[in-house]
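This report walks through a few side-chain arrangements for a reader who is meeting the structure for the first time. Please look over the sequence and the model before reading on.

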Amino acid sequence: ADVRVDRGELADVANPVIACDDQHVWMAWEDDRDGDLKNHQIYVARSADIGQSFSAEWVVDADIDGESMSLGPQIAVDAERVHVAWFDNRNGAFDIFTVTSVDAGQSFSEPLRLGVDLPGGAYSAWPSIDADNGTVAVVWEDSRNGRSDIYGACSDDGGATFDAEARLDTADFPGLSHSFGPRVAVDAGSLHAVWQDEASGAGDDIYTAYGGCDGWMPAVRVNTSRPGFFESSTPVIAAAGTSAHIAWADGRNGNLDIYYRTVVAGLPTGADIRLDVGDLAGFSHSLNPALTYDADSNALAVAWRDDRADTDGDGYADLFYNYMGPARPFGPTDLRIDVMADGESFKNDLQIALSGPDLLAAWSDGRNGTADVYFHRVTP
């Protein structure tokens, strides 16, 4: 049966995120139950029985009266440590905050603000957080220099303290052009960040930076199309030691296609590969990629929302994926995830994971009128 996680009365919730290990499930979300201003706070709940039931919630942003707005929670798990990042405006403009639990989410530290600029002095938002073996990395958008830059901070003591942040979007001068949508991945002490960037012109490119807690290398452009001319967006990333897997939506062929490239120690290798190969390049929009990597099997899947069957322009999409396994390159055609007739409903919010030999997918689906949540398991 469905399990209700939040227990607030007459409250609206938003933006739930989930993380798990072999024993626990954690969820974080925005919740406006506190105070009369209907500001959102960050709540966390924990399950010790693989999601069959959840604990009472904690407010982790230390604002029990709802006096400020807290948004955009992200969560990462590293053994017994649970890390949550978000942005809130307690100091004026939005700042980035983190909390850490060292007891598997039974209690959390006081919020720690990231950034050495004046608290509340500039808009900082949309953090991404990841952790592995005591190393924690957070990246975010930050407008202290004018237009938004990408900043990153690293902790090598399990989130107790963070090094001074570094600006990652070094392809141009600080605050000169917009950089946004950062994602971070951590594995074996290696940090990998990716974002979209207007450094080369009006069209966005995909940039990546590589580093560790001792510093970051200069940013490098990932897509090989003409710089700053086409629209490349919504990158996603997974780490495998010093290597990273990156996928994104790319407009070099007209409409958006899904592309993939490998980065090793911060340097892109080989050509970028188009994955939505079931139709002609640029024939239709392929959007919002999701990526998952399984280190045990060295398998990688990229999935996306695809409009190739939406001939009437109704916004109806289907879900496709491409898969790369051990000694097996990406397939010569893409494959469907959902089993509906082509172009029969809208499908959004796709999330995927690999479990053993299977690809798991969940999404919101309008086939019944209003949106429902659907799940499908496929063997690649």
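## Salt bridges

R113 and D95 are joined by a salt bridge between their side chains, with 3.4 Å from N to O. This pair connects distant parts of the chain, since R113 belongs to strand 8 (residues 112-114) and D95 to strand 7, 18 residues apart. Both residues, R113 and D95, are buried. The model described here is a predicted one, and a search of the whole structure finds 27 salt bridges in it.

Two further salt bridges involve residues that follow one another in the numbering. In one of them the side chains of R305 and D307 meet at 3.5 Å, N to O, while in the other D306 pairs with R308, the closest N and O atoms lying 2.9 Å apart. D306 counts as buried because its relative accessibility is 0%, and R308 is buried as well, with a relative accessible area of 15%. Salt bridges that share partners also build one network, made up of D95, R113, D117, D142, R144 and E165. As for the R305 and D307 pair, R305 counts as buried at 15% relative accessibility, and D307 is buried with a relative accessible area of 16%.

## A buried aspartate without a salt bridge

D61 is placed in the loop between strand 4 (58-59) and strand 5 (70-78). Although D61 is buried, it has no salt bridge, and the nearest side chain of opposite charge, that of R90, is 5.2 Å away. The reason R90 does not count as a partner is that a salt bridge needs the side-chain nitrogen within 4 Å of a carboxyl oxygen, whereas the distance from D61 to R90 is 5.2 Å.

What the side chain of D61 does have is a polar contact of 3.1 Å with the side chain of Q41. When neighbours within four places in sequence are left aside, the residues in contact with D61 are H40, Q41, I42, S70, W86, D88, R90 and P111.

## Aromatic rings

A pair of aromatic rings is described by how far apart the centres are and by the angle between the planes. In this structure the count comes to 11 aromatic pairs. One of them is formed by W86 and F97, which are stacked, with 6.1 Å from centre to centre and 20° between the planes. W86 lies in strand 6 (residues 81-88) and F97 in strand 7 (residues 95-101), so this pair ties together parts that are 11 residues apart in sequence. W86 is buried, as is F97.

Y260 and F330 make an aromatic pair that is edge-to-face, at 5.0 Å centre to centre and with 70° between the planes. This pair links distant parts of the chain, with Y260 in strand 20 (residues 257-264) and F330 in the loop between strand 24 (318-324) and strand 25 (335-336), 70 residues apart. Y260 and F330 are both buried. Elsewhere, F87, F94, Y123 and W126 come together as one aromatic cluster.

## Charges over rings

In two places the charged end of an arginine is found over an aromatic ring. The charged end of R226 sits over the ring of F229, 4.0 Å from the centre of that ring, and the charged end of R252 sits over the ring of Y259, 4.0 Å from its centre.

N15 is part of strand 1 (residues 13-20), and with a relative accessible area of 41% N15 is partly exposed. Its side chain makes a polar contact of 2.7 Å with the side chain of E30. Not counting residues up to four places away in sequence, N15 touches A28, W29, E30 and P73. N15 and P73 are 58 residues apart along the chain, yet their C-alpha atoms are separated by 7.3 Å.

S284 has its place in the loop between strand 21 (267-274) and strand 22 (286-294). Is S284 buried or exposed? S284 is buried, because its relative accessible area is 7%. The side chain of S284 makes a polar contact with that of D279, at 3.2 Å. Apart from neighbours within four places in sequence, the contacts of S284 are N255, L256, D257, D279, D306, D307 and R308.

Conventions. Residues are numbered from 1 along each chain as its sequence is written. This is a predicted model: local features need pLDDT of at least 70, side-chain atom pairs count only at pLDDT 80 or more; totals for chains, interfaces and linings use all residues. Side-chain values use heavy atoms; hydrogens and water are left out. Rings of Phe, Tyr and Trp (its six-membered ring) pair if their centres lie within 6.5 Å; planes under 30 degrees apart count as stacked, over 60 as edge-to-face and the rest as tilted. Helices (H or I, at least four residues) and strands (E, at least two) are DSSP runs, numbered from the N terminus. Buried means under 20% relative accessible area, exposed over 50%, partly exposed in between (1.4 Å probe, protein chains only). A charge sits over a ring if NZ of Lys or CZ of Arg is within 6 Å of the ring centre and within 35 degrees of the ring normal. Lys and Arg count as positive and Asp and Glu as negative; His and the chain ends are not counted. A polar contact is a pair of N or O atoms within 3.5 Å; within protein, one must be able to donate a hydrogen and the other to accept it, and residues adjacent in sequence count only if both atoms are side-chain atoms. Contact means heavy atoms within 4.5 Å.
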